[in-house]
Amino acid sequence: MPKKAANLALWVSREQEGRDEALEAYLLDHAPGLREYYTAQQDAFSRLEEDAYVRHPDPTPDNIAAAETAEAALPSRKRTEVQLRRSFAPLAVHLPNEIKRKRKRFVQQGQRAWNRANPIPLTWELERTLTAEFMKAYGH
């Protein structure tokens, strides 16, 4: 791509970003309850993150050692099945990853539940109307 075309593409990209940010600010100012909704959503999601760390703390070296001991006590066939389930990853690697997955699953379930219980005040029709008003008012 010639240098002028690359610069033009960069300029258009930056202009689009600026327009998107301006539209977002316009929607926040003109959609009733939208700013409050986003604030409440952010607070709820932050609490979910904190709860996830409380419910699923990172494993300590003692936890990992206890899991290794419990696994070593299993009969050979069961031990191999457990190792296969985790693709033979060592427990010191597997347990922290499993905890991260549990945390993520907990947070995502909580977020989906919150979103179902609190529908966004910006309906598709209202967004379309406000976007049209924005485009007309600011000539974009």
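F88 lies in the loop between α4 and α5. I start there, and I will come back to that loop at the end. Helices here are DSSP runs of H or I with at least four residues, strands are runs of E with at least two, and both are numbered from the N terminus.

A word on the source. This is a predicted model, in which local features need pLDDT of at least 70 and side-chain atom pairs count only at pLDDT 80 or more, while totals for chains, interfaces and linings use all residues. Residues are numbered from 1 along each chain as its sequence is written, and side-chain values use heavy atoms, with hydrogens and water left out.

Now the cores. A nonpolar core is a set of buried Ala, Val, Leu, Ile, Met, Phe, Trp, Tyr and Cys residues joined through side-chain atoms within 4.5 Å. Buried means under 20% relative accessible area, exposed means over 50%, and partly exposed is in between, with a 1.4 Å probe and protein chains only. The largest nonpolar core has nine residues: L23, Y26, L27, L28, A31, L34, L122, L130 and F134. Both α1 (3-30) and α6 (124-138) supply at least two residues of this core. The helix that gives the most is α1, with four residues. Another core, of eight residues, lies apart from this one, and F45, F106, V107 and W114 are among its members.

Next, the helix pairs. Two packed helices are described by the angle between their axes and the distance between the axes. The axes are lines fitted to C-alpha atoms, for helices over the stretch in contact, and the angles run from 0 to 180 degrees between N-to-C directions.

Take α2 (residues 34-55) and α5 (residues 91-117). Their axes come within 9 Å and cross at roughly 150°. The two helices are therefore roughly antiparallel to each other. On that scale, under 35 degrees is roughly parallel, over 145 roughly antiparallel, 65 to 115 roughly perpendicular, and the rest oblique. The crossing of α2 and α5 is right-handed. Right-handed means the near helix is turned clockwise from the far one by less than a right angle, and left-handed means anticlockwise.

Which residues of α2 and α5 meet? From α2 they are Y37, A40, Q41, A44, F45, L48, E49, D51, A52, Y53 and R55, and from α5 they are R103, F106, V107, G110, Q111, W114 and N115. Contact means heavy atoms within 4.5 Å. By class, this contact has ten nonpolar, four polar and four charged residues. Ala, Val, Leu, Ile, Met, Phe, Trp, Tyr, Cys and Pro count as nonpolar, Asp, Glu, Lys and Arg as charged, and the others, Gly among them, as polar.

V107 is found in helix α5 and is buried, at 6% relative accessible area. Not counting residues up to four places away in sequence, V107 touches L48, E49 and A52. Y53 sits in helix α2 and is partly exposed, with a relative accessible area of 47%. Y53 and V107 are 54 residues apart in sequence, and 9.8 Å separates them from C-alpha to C-alpha. Leaving out residues up to four places away in sequence, R103 touches A52, Y53, H56, P57 and D58.

The second pair is α3 (residues 61-72) with α5. The axes of these two come within 10 Å and cross at roughly 115°, and the crossing is right-handed. N63, I64, A67, E68 and E71 of α3 make the contact with L91, A92 and L95 of α5. These residues divide into five nonpolar, one polar and two charged.

R79 counts as partly exposed, at 26% relative accessibility. Apart from its neighbours within four places in sequence, R79 is in contact with E71, A72 and L74.

Back to the loop. Most residues other than glycine have a negative phi. F88 has a positive phi near 60° and is not a glycine. S87, in the loop between α4 (76-85) and α5, also has a positive phi, of about 55°, and is not a glycine. S87 is exposed, with a relative accessible area of 60%.
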